[in-house]
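This report describes the fold, the packing and a few local contacts of one protein chain. The sequence and the model are shown here.

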Amino acid sequence: MIGLRAGLSIWIATQPVDFRRGMDSLAMLVSEAFGADPFDGGLYVFRSKRRDRVKILTWDGSGLVLYYKRIEGQFTWPPIKEGVMSLSHAQLSVLLDGSD
């Protein structure tokens with residue numbers, strides 16, 4: 001379970017990423033595409049092209065953690081556009097539940 005503490009920043013990449021990427025490659029993407037520090041404790045959410053998988057990268061204070069979830073059906077994603085966008089705790093919960 002992902003600990004959602006108050007003040008936690010949550011960012012989602014609006015473009016799908018290659019899901020063969022591991023945590024080091026995603027951390028590099030956070031630095032380059034998000035312009036953020038992958039070790040700042042925020043959650044960085046990545047989507048697959050098929051919209052049925054999600055990866056979340058975060059730093060827990062002692063190491064990088066990579067969460068992965070696949071559902072039957074598809075996640076309801078924000079519209080695809082350039083860049084990244086922030087999410088609230090509630091929006092992330094709805095996204096991960098697979099709800100509309």
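## Accessibility and D40

A residue is called buried under 20% relative accessible area, exposed over 50%, and partly exposed in between. The model is predicted. D40 has a relative accessible area of 41%, so D40 is partly exposed.

D40 lies in the loop that runs between α1 and β2. A polar atom of the D40 side chain is 2.8 Å from the backbone nitrogen of G42. D40 and I71 are 31 residues apart along the chain, and their C-alpha atoms are separated by 28 Å.

## The sheet

Five strands form an open sheet with mixed pairing, in the order β4-β3-β2-β1-β5. β4 (64-70) and β5 (84-86) stand at the edges; each has a single partner strand, so one side of each lacks a neighbour in the sheet. On average, neighbouring strands are turned by 20° against each other, direction ignored.

Strands β2 (residues 43-47) and β3 (residues 53-59) run antiparallel and are joined by four bridges. In this pair, V45 stands opposite I56 in β3. β3 also pairs with β4, again in the antiparallel sense, over seven bridges. There, V54 stands opposite K69 in β4. The hairpin of β3 and β4 has four residues between the strands, and G61 in this hairpin takes a positive phi near 105°.

## Helix α1 against the sheet

Which strands does helix α1 touch? Helix α1 (residues 23-34) packs on the sheet and touches β1 (10-13), β2, β3, β4 and β5. The direction of α1 makes about 100° with that of β2.

The buried residues in α1 are L26, A27, L29, V30 and F34. These residues are on the same side of α1, because they cover an arc of only 155° around the axis. Their cover includes β1, β2, β3, β4 and β5. D24 and E32, on the other side of α1, are exposed. Just after the helix, G35 takes a positive phi of about 65°.

## Nonpolar cores

The largest nonpolar core has 14 residues, of which I10, V45, V54, I56, W77, L92 and L95 touch the most other members. At least two residues of this core come from each of β1, β2, β3 and α2 (89-97). α2 supplies the largest share, three residues. Another core, of 12 residues, lies apart from this one; among its members are A13, F19, L26 and L29.

What does V45 contact beyond its neighbours within four places in sequence? The contacts of V45 are I10, W11, I12, A13, F34, V54, K55, I56, W77, L92 and L95. Within this list, I10, V54, I56, W77, L92 and L95 are also named among the core residues that touch the most other members.

T58 is placed in strand β3. Is T58 buried or exposed? The relative accessibility of T58 is 7%, so T58 counts as buried. A polar atom of the T58 side chain lies 3.0 Å from the backbone oxygen of G42. With neighbours within four places in sequence left aside, T58 is in contact with G41, G42, L43, G63, L64, V65 and Y67.

G42 therefore has its backbone oxygen within the 3.5 Å polar-contact limit of the T58 side chain, and its backbone nitrogen is 2.8 Å from a polar atom of the D40 side chain.

Note on methods:
Residues numbered from 1 in each chain as written. Predicted model: local features only at pLDDT ≥ 70, side-chain atom pairs only at ≥ 80, totals over all residues. Heavy atoms only, no water. Pairing = 2+ DSSP bridges. Axes fitted to C-alpha atoms, helices over the stretch in contact; angles between N-to-C directions. Contact = heavy atoms within 4.5 Å. Buried < 20%, exposed > 50% of the residue type's maximum accessible area, 1.4 Å probe, protein only. Polar contact = N/O pair within 3.5 Å; in protein donor to acceptor, adjacent residues only side chain to side chain. Core = buried A, V, L, I, M, F, W, Y, C linked by side-chain atoms within 4.5 Å. Arc of directions from axis to C-beta.
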